[in-house]
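Welcome, and please take a look at the structure below. The short report after it will walk you through a few of its features.

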Amino acid sequence: MAQAQYKIMVDGEEIPSCGNLSWGDDIETIASEYSFESTSEIAIGSKVLIANATTGKEVLRGILTDKRKNMNKTFSYSGFDYGFYLNKNEVVIQFNNVKIDTAIKQLCSKVGVPVGTIPSINAYVSKVFEDVVVSDIITELLEMATKKTGSKYIFSCQKGKLEITDTMAECDSKYELAQGVLMPLNESLGNITYSESIQDLKNSITLIDSKEKKTFVVASAKDNKSISQYGLLGSIEKIDKDDKTSKNIIAQNMLKESNKIKISISVDMLGSDDFIKGSILPLDYPEFGLSGNFYAKSTKHDIKNKNHFISAEMVKL
């Protein structure tokens, strides 16, 4: 295999003699994490940048949060990208009919995290948040946006900025087995574990008014075929009846999102810096009954003996 070489910069200076580098992300969390070992002692709170030494591509930048000194006189380090500050700050904030993308920008400004690219989100929020972690508010706002627009949003911190996208892109990167010999990632899968689950399936959605003292149904949606097959699996959600978004559209969007069997795989593969949470791989493994597009829910990258490997959980679209 071609060697994977990375450099770790701390406060602008490259750190020599580093090893056991790893990093990972998850579609349900904002912050990505990393870890490595070195013979050099580094101060907690230092700014860290990890980059591919061959391509120059930035993999991650963030803050060093933890340090451990080992008996063999090496140091083990770990930390997070700048999503760390969204996870560790609580705020009090009130939104009055504010566009959700604007609300997110206001939140980031409160805790000093720059904003990169955020799509225009045609949904509004009117709510008071008291002593709530910023990342939890952003998660709630994007869940609200998904219910109203039907789009699925993915957040991450890249190059020190919060990035949000409403599209998933296919990862067409290839792994260099040897000089000039390339293998697509979706042909390098191994240790595949396949699973199906209906634990999160909802085939009946009921929306009730959050302001009424008595229960008042404002909209509902259900799938009778699914109910006949799996039994009734219902969800009741509170909603402000004064919200201008069509309540029937919200109910239908929620049903579309939750009324499906979750098909997922745990898998090992050869590595690529481009394969991150939300990346799509088209798979065709008939021996496992796998076909179609799967997206990465979580990834774990490991650099071992200068070889790049990934362990991932992937979910069928």
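## Confidence

The chain has an average pLDDT of 93, and 99% of the residues reach at least 70; pLDDT is the predictor's confidence in each residue, from 0 to 100. Confidence is lowest in strand S12 (residues 174-178), with a mean of 82, and highest in helix H4 (residues 224-230), at 98. Helices (H or I, at least four residues) and strands (E, at least two) are DSSP runs, numbered from the N terminus.

This is a predicted model, in which local features need pLDDT of at least 70 and side-chain atom pairs count only at pLDDT 80 or more, while totals for chains, interfaces and linings use all residues. Residues are numbered from 1 along each chain as its sequence is written, and side-chain values use heavy atoms, with hydrogens and water left out.

Let's start with S5 (residues 47-52) and S6 (residues 58-69), which pair in the antiparallel sense over 5 bridges; strands count as paired if DSSP finds at least two bridges between them. Val48 has Gly62 in S6 as its bridge partner. Of the 5 residues between these strands, Gly56 takes a positive phi near 80 degrees.

S6 also runs antiparallel to S7 (residues 75-81), joined by 7 bridges, and Ile63 is partnered with Phe80 in S7. This hairpin too has 5 residues between its strands, and Lys73 in the turn shows a positive phi of about 70 degrees.

## The nonpolar cores

A nonpolar core is a set of buried Ala, Val, Leu, Ile, Met, Phe, Trp, Tyr and Cys residues joined through side-chain atoms within 4.5 Å, where buried means under 20% relative accessible area (1.4 Å probe, protein chains only). The largest one has 30 residues, and among those touching the most other members are Leu86, Ile104 and Leu107. Helix H3 supplies the largest share of this core, 7 residues.

A second, separate core of 20 residues includes Ile263, Leu290, Phe294 and Met314.

Which strands make up the open sheet of 3 strands? The order is S16-S15-S17, with mixed pairing, and the edge strands are S16 and S17. S15 and S17 are parallel over 6 bridges, and Ile208 stands opposite Lys238 in S17.

Helix H5 (residues 247-258) has buried residues including Ile250, Met254 and Leu255. The buried residues of H5 pack against helix H3 (134-149) and strands S15 (204-209), S16 (217-222) and S17 (234-239).

Terms used:
Buried means under 20% relative accessible area, exposed over 50%, partly exposed in between (1.4 Å probe, protein chains only). Contact means heavy atoms within 4.5 Å.
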